[in-house]
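Thanks for making time this morning; I would like to walk you through one model, slowly, and keep to what its atoms show. Please have the sequence and the structure open while I talk.

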Amino acid sequence: MALLVRELQRSAKGPVENDEDWWRLVFDTDTKRLYVEHEWKHTDVRGAGRSNQGKEQIEIPEYLLQAGQTTGHRELWRLIRTLFAEAH
């Protein structure tokens, strides 16, 4: 399975290195599927140092309908506009 991946946004939520989220635009060249992948890795430094990590795949319309306009949303909109821009 070949994946083409472009980072849309990365955010760190705290002082700990393992407290980050990543959003990537992914195109699976085998299935011809385009989606946003959200990956996270969080460590609870206040508790027993438990870690929460994972990945989820989000369909493009669902991602764009999420509340707020993040850096990732703006980057995806920019990429979409670029696809449909007319050459002058």
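Before I name any element, a word on terms: helices (H or I, at least four residues) and strands (E, at least two) are DSSP runs, numbered from the N terminus, and two strands pair if DSSP finds at least two bridges between them. This is a predicted model, in which local features need pLDDT of at least 70 and side-chain atom pairs count only at pLDDT 80 or more, while totals for chains, interfaces and linings use all residues. Residues are numbered from 1 along each chain as its sequence is written, and side-chain values use heavy atoms, with hydrogens and water left out.

Let me begin with the strand pairing. Strand β2, residues 20–28, and strand β3, residues 33–43, are paired in the antiparallel sense over nine bridges, and Asp28 stands opposite Arg33 in β3. The hairpin of β2 and β3 has four residues between the strands, and within this hairpin Lys32 takes a positive phi near 60 degrees. On to the next pair: β3 is joined to strand β4, residues 51–58, by eight bridges, and these two run antiparallel, with Glu56 in β4 as the bridge partner of His38.

Taking contact to mean heavy atoms within 4.5 Å, and not counting residues up to four places away in sequence, Asp28 touches Met1, Ala2, Leu3 and Arg33. A polar atom of the Asp28 side chain also lies 3.2 Å from the backbone nitrogen of Thr31. Asp28 and Val5 are 23 residues apart along the chain, and their C-alpha atoms are separated by 8.8 Å; Val5 has its place in strand β1, residues 3–12.

Staying in β2, we come to Asp21, which is buried, with a relative accessible area of 2%. The side chains of Asp21 and His38 are joined by a polar contact of 2.6 Å, a polar contact being a pair of N or O atoms within 3.5 Å, where within protein one must be able to donate a hydrogen and the other to accept it, and residues adjacent in sequence count only if both atoms are side-chain atoms. Leaving aside neighbours within four places in sequence, Asp21 is in contact with several residues, including Gln9, Arg10, Lys13, His38 and Trp40.

Ser51, placed in strand β4, is partly exposed, at a relative accessible area of 48%. Apart from neighbours within four places in sequence, Ser51 is in contact with His42 and Thr43, and its C-alpha atom is separated by 9.2 Å from that of Asp19, 32 residues apart along the chain.

I turn now to the charged pairs. Side chains of opposite charge can pair when their charged atoms come close. How many salt bridges does the structure hold? There are six salt bridges, each being a side-chain nitrogen of Lys or Arg within 4 Å of a carboxyl oxygen of Asp or Glu. One of them is between the side chains of Glu75 and Arg6, at 3.4 Å from N to O, and this pair links distant parts of the chain, since Glu75 is in helix α2, residues 71–84, and Arg6 is in strand β1, 69 residues apart. Glu75 counts as buried, at 19% relative accessibility, whereas Arg6 counts as partly exposed, at 42%.

The side chain of Glu75 also meets that of Arg78 in a salt bridge, 2.9 Å from N to O. Glu75 and Arg78 are three residues apart in helix α2, and are therefore separated by about one helical turn; Arg78 is partly exposed, with a relative accessible area of 36%. Through salt bridges that share partners, Arg6, Glu75 and Arg78 are joined into one network.

Finally, Arg10 forms a salt bridge with Glu7, with 2.9 Å between the closest N and O atoms, and Glu7 counts as partly exposed at 37% relative accessibility. I will stop there and take comments.

Notes:
Buried < 20%, exposed > 50% of the residue type's maximum accessible area, 1.4 Å probe, protein only.
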